[in-house]
Amino acid sequence: MTTMTEYKTCPQCGFERAVFDMDCDTGESTLDCRSCGHSDVVERVVTDGKITWRHLVAPGFGAMWHGHIDGGSWQANYLHDEDGVIEAERWLRNEMAAGKIAPAHI
Ligand SMILES: [Zn+2]
């Protein structure tokens, strides 16, 4: 499997470092914006030997980056609707109050 990763401009917010990954063997790809959370996925679907493509677009409502206070890798949560934002805020406040995580910068 050969994959390619590069930055592209987010079609929703214009952020120039949205992460684009493509599987060169299948043509499947993902574009995730680290700024607004916009997500664009192209999947290959094989049914009875016939190939079709599924294109899924999820609007961005924000991207939440955080890391554990003890170090380790950063984690991203891409938010796609108002309920997701409200739930992420609740979770973030609880985790920060417990001293488990620290905010990150992209
Ligand atoms: Zn964006």
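Reader: What radius of gyration does the protein chain have, and what would a compact globule of 106 residues have?

Author: The radius of gyration is taken over C-alpha atoms, and the globule rule is 2.2 Å times the number of residues to the power 0.38. For a compact globule of 106 residues the value would be near 13 Å, but the protein chain has 17 Å. Along its principal axes the C-alpha trace spans about 55 × 30 × 30 Å. This is a predicted model, in which local features need pLDDT of at least 70, side-chain atom pairs count only at pLDDT 80 or more, and totals for chains, interfaces and linings use all residues. Residues are numbered from 1 along each chain as its sequence is written.

Reader: Into which domains is the protein chain divided?

Author: Domain bounds come from an automatic or database domain assignment. Here they give domain 1 (3-58) and domain 2 (62-100). The C-alpha centres of domain 1 and domain 2 lie 24 Å apart. Eight residues from domain 1 and six residues from domain 2 take part in the contact, where two residues are in contact if their C-beta atoms, placed from the backbone, lie within 7 Å. On the side of domain 1 that touches domain 2, three residues are nonpolar, three polar and two charged. In this scheme Ala, Val, Leu, Ile, Met, Phe, Trp, Tyr, Cys and Pro count as nonpolar, Asp, Glu, Lys and Arg as charged, and the others, Gly among them, as polar.

Reader: What pattern does the protein chain follow when read along the sequence?

Author: Helices (H or I, at least four residues) and strands (E, at least two) are DSSP runs, numbered from the N terminus. The protein chain has one helix and eight strands, in the pattern β-β-β-β-β-β-β-α-β. Helix H1 (residues 82-97) has 16 residues and reaches 23 Å from its first C-alpha to its last, close to the 22 Å expected; the expected span is 1.5 Å times one less than the number of residues. Just after H1, Gly99 takes a positive phi of about 75°.

Reader: Why does strand S1 count as lying largely in the open?

Author: A residue is buried if 20 or more other C-beta atoms lie within 10 Å of its own, exposed if 12 or fewer, and partly exposed in between, with C-beta atoms placed from the backbone. Strand S1 (residues 3-8) lies largely in the open because zero of its six residues are buried. Of the 106 residues of the protein chain, 8% count as buried.

Reader: How do Val41 and Asp48 count, as buried, partly exposed or exposed?

Author: Val41 counts as partly exposed because it has 15 C-beta neighbours inside 10 Å. Val41 lies in strand S4 and, leaving aside its neighbours within four places in sequence, is in contact with Thr30 and Leu56. Asp48 counts as exposed because it has 4 C-beta neighbours inside 10 Å. Asp48 lies in the loop between strand S4 (39-47) and strand S5 (50-58), and has a positive phi of about 50° although it is not a glycine.
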